[in-house]
Amino acid sequence: MTAGALLAGGIAWLLGRHDVAGACWAAGTALALVPAVAWVVGDLRRGRAGVDVIAVLALAGTLAVGEYLAGALIGLMLATGRALEKAAERRASRDLRSLLEHAPRSAHRRDGGKVRVVPLDVVAPGDVLVVGPGEVVPVDGEITVGPAVLDESVLTGESGEIERGVGETVRSGVVGGGGVFELRAKATAADSTYAEIVRLAQQAAAERAPMVRLAERYAAWFLPLSLGLAAVAWLVSGSVVRAVAVLVVATPCPLLLATPVAIVSGLSQCARRGVVVRDGGALERLGRARTLVIDKTGTLTVGRPRVLEVAGAPGGPAPAEVLRLTASLDQVSAHLLAEAIVHEARARNLPLALPQDVIEEPGRGVTGTVDGVRIGVGRTELSPADLPGWARAVDNRAMLNGAATVWLTVNGMVSGALLLRDPLRPDAPRTIRRLRAAGLDRLLMLTGDRPEPAREVGAVLGLDDVRAGQLPTDKIAAVREESERAVTVMVGDGVNDAPALAAADVGVAMGARGSTSASEAADIVLVTDHVARLADAMEIAARARRIAVQSAAGGMAMSLAAMTAALLGLLPPAPGALLQEAIDVTVILNALRALLPPPGVRPTLEPEAESLIHRFATEHDDLRDALDAIREAAGLLATDHGPRALAAVREIDHLLRNRLLPHEHAEEHELYPALDRRLGPEATDTMSRAHAEIERLAERIATHVRLTDEEGGLRPEQLDDLRASLYGLHTILRLHFAQEEESYFSLAQ
């Protein structure tokens, strides 16, 4: 309406109807004055006196002294600023619907010899409840008939199933993942763990303080200064027109426009990067954040177990055959680890056989026939002391790596093992470095996992603090503690993270595979499954806020200069309004710089480089069996110096010449030049040096093979160097693969 009135007045003026033009502009001024007065009254009722006071006085003054064009221009800028601000600060509800949907409504209670379905609110401590596969445990209790195989990820955030024995405590909200078990209730539903999570999330969302407009902080000194200069102009000159001229150029359009334009531009830039920011206030708070609290599983790690290592018994099946047999049987299992094993075998293009006579025992494993051989996959009945030496070594590595172990038995004999772990995201180290560069001073990881793997992740990423074994109540307490010291960001992906996300100054949810409740409790949602987007959002937010402050401060400085000219009588109201328009345009153009990506945002790759990255990432998966074989051969040399060890070394030499070295050579001459064109040659220099060292060790191993051919076997003086070469090659390859995946492969979409 204000734009229409201004345009109509301009047309009338050009046609020589100055009286009609004045009426149109006066109408536009009056239209803007009515809501402006309402905004000021509303602010005063809430105990705030913002920059809108100046706008109201300027509008009223232009009507009083007949400067209608100036009033219409001010009205248009005021309306535009408000519209932009509303677009920038829409706030979504913190609905926790999925938390409530997950909560059970009834329970299976054992009454004598019968099991009855009863409403959850009638369950009392001491009642015996029956929980079946896939059912949610309704109340906190103690297992009386078990064991119970449980998925506790809804509470701890940790992927994988846990076995609880008779007498152990089970918390409400976890899901039965195996057979039927019974528990004795120790609390009512209202006093159980899951109900407490829901209450915490609702309470945290309600307690979060409202966002204070950036403009209001500057208004604290700009408002009295403007009114003071207008009063001085009136007293010195005795002319109300001069006072109105001061108010016209003091109209806080730079404040009203700079912040919303920069913030809206930042929101747009975030959306292009796959980051949904619920409102401008969240983006502005993110730009001021100094502390990051982050969950581990699904955030810093992939969130799903993956095969870390495959080992075969000496004289038994090779690691690739161990994986093939295990995956063939696990094709028919619904276990989370089985899914990871089958995925790894297919990634390595292993031909899987169809199993027969399959029997699955929850909590123990699967047995069946594959290629005419009876095999078992899962736990072993042997105690650690009864395991053969190679298996005890595998068990020790699993403990050190914080990995789960899946044993393969062939005809009742332990013949192989697979170690599985939830691996670190390839882009996590780069993201942590970028977050620190963007202004974060303290990084804290909270996880429900065990201390050993948690500390390992913290050490690799260089985090400031790591806290393991955290429950939702612990996480929300930690977030509140950190929020008292600095603006705090919480990042999570599970239902158990929802209360902490709602309590943080800025909650960030991994929305691609995270829970709905986490996304709904968060201010920011990462739409894609890339934690690097968090660094993108942080850099964009910091830059948008910096540009908003620059624009507002620069605009106010120019307004102060214009106010001084108006006070001295050098700037009448109408020219002052036009000058104010020029200042506004300058401010808007500067604020629109926030639409440009900040320099630190992840570089985009050429299609050729991206295609090569996908190709070599697939080859990394294919070569994992070669890495396993290298380590196995080195270990075999410690106990066997005969034909079997020599055959293993020959096989490694064959793998190096026919698979590994061609892969490294292709990376050096195809991938690295494509990356150099975008990242610069210094980005691949250290990786090229690693290629040279890999080739040197491969040639050293080949020399040992030639010497054995000449001598007819391994000589004692060869063993130490050969074993060191194999272990060294294995270590360098693992590090090199990890560095490439972190530095280059994580850049691909």
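Q: What makes R696 partly exposed rather than buried or exposed?
A: Its relative accessible area is 42%. Buried means under 20%, exposed over 50%, and partly exposed in between (1.4 Å probe, protein chains only). R696, at 42%, sits in between, so partly exposed is the label. As for ground rules, this is a predicted model, where local features need pLDDT of at least 70 and side-chain atom pairs count only at pLDDT 80 or more, while totals for chains, interfaces and linings use all residues. Residues are numbered from 1 along each chain as its sequence is written, and side-chain values use heavy atoms, with hydrogens and water left out.

Q: How do you know that E693 forms a salt bridge with R696?
A: The closest N and O atoms of the pair are 2.7 Å apart. A salt bridge needs a side-chain nitrogen of Lys or Arg within 4 Å of a carboxyl oxygen of Asp or Glu, so 2.7 Å qualifies. Both residues lie in helix α25 (residues 685–711), 3 residues apart, about one turn of the helix. (Helices, H or I with at least four residues, and strands, E with at least two, are DSSP runs numbered from the N terminus.)

Q: Why is E693 called buried?
A: Its relative accessible area is 18%, which falls under the buried limit. So in this pair E693 is buried, whereas R696 is partly exposed.

Q: What makes R723 and D720 a salt bridge?
A: Their closest N and O atoms are 2.9 Å apart, which is within the salt-bridge limit. R723 and D720 are both in helix α26 (residues 716–743), 3 residues apart, about one turn of the helix. D720 is exposed, since its relative accessible area is 56%.

Q: Why is Q470 called buried?
A: With a relative accessible area of 11%, Q470 is under the buried limit. Q470 is found in the loop between β19 (465–467) and α17 (472–483). Leaving aside neighbours within four places in sequence, Q470 is in contact (heavy atoms within 4.5 Å) with L446, T447, G448 and K475.

Q: Is N349 buried or exposed, and how do you know?
A: N349 has 59% relative accessibility, so N349 counts as exposed. N349 is found in the loop between α13 (336–347) and β13 (356–361). Its phi is near 60°, a positive value in a residue other than glycine. D371 also isn't a glycine and has a positive phi of about 55°; D371 is in the loop between β14 (365–370) and β15 (373–378).

Q: What makes β12 and β13 edge strands?
A: The open sheet has 6 strands in the order β12-β17-β16-β15-β14-β13, with antiparallel pairing. β12 (306–312) and β13 each have a single partner strand, so one side of each is left without a neighbour in the sheet. Neighbouring strands here are turned by 20° against each other on average, direction ignored.

Q: How do you know that β15 pairs with β16?
A: DSSP has to find at least two bridges between two strands, and β15 and β16 (residues 404–410) are joined by 4, running antiparallel.

Q: Which strands pair with β5, and how do you know?
A: 4 bridges join β5 (residues 148–151) to β6 (residues 161–164), running antiparallel; here A148 stands opposite R164. β5 also pairs with β8 (residues 175–176) in the antiparallel sense over 2 bridges, which meets the pairing rule of at least two. There, the bridge partner of L150 is G176.

Q: Why is I11 called partly exposed?
A: I11 has a relative accessible area of 46%, so I11 lands in the partly exposed range. I11 lies in helix α1 (residues 2–14).

Methods
Axes fitted to C-alpha atoms, helices over the stretch in contact; angles between N-to-C directions.
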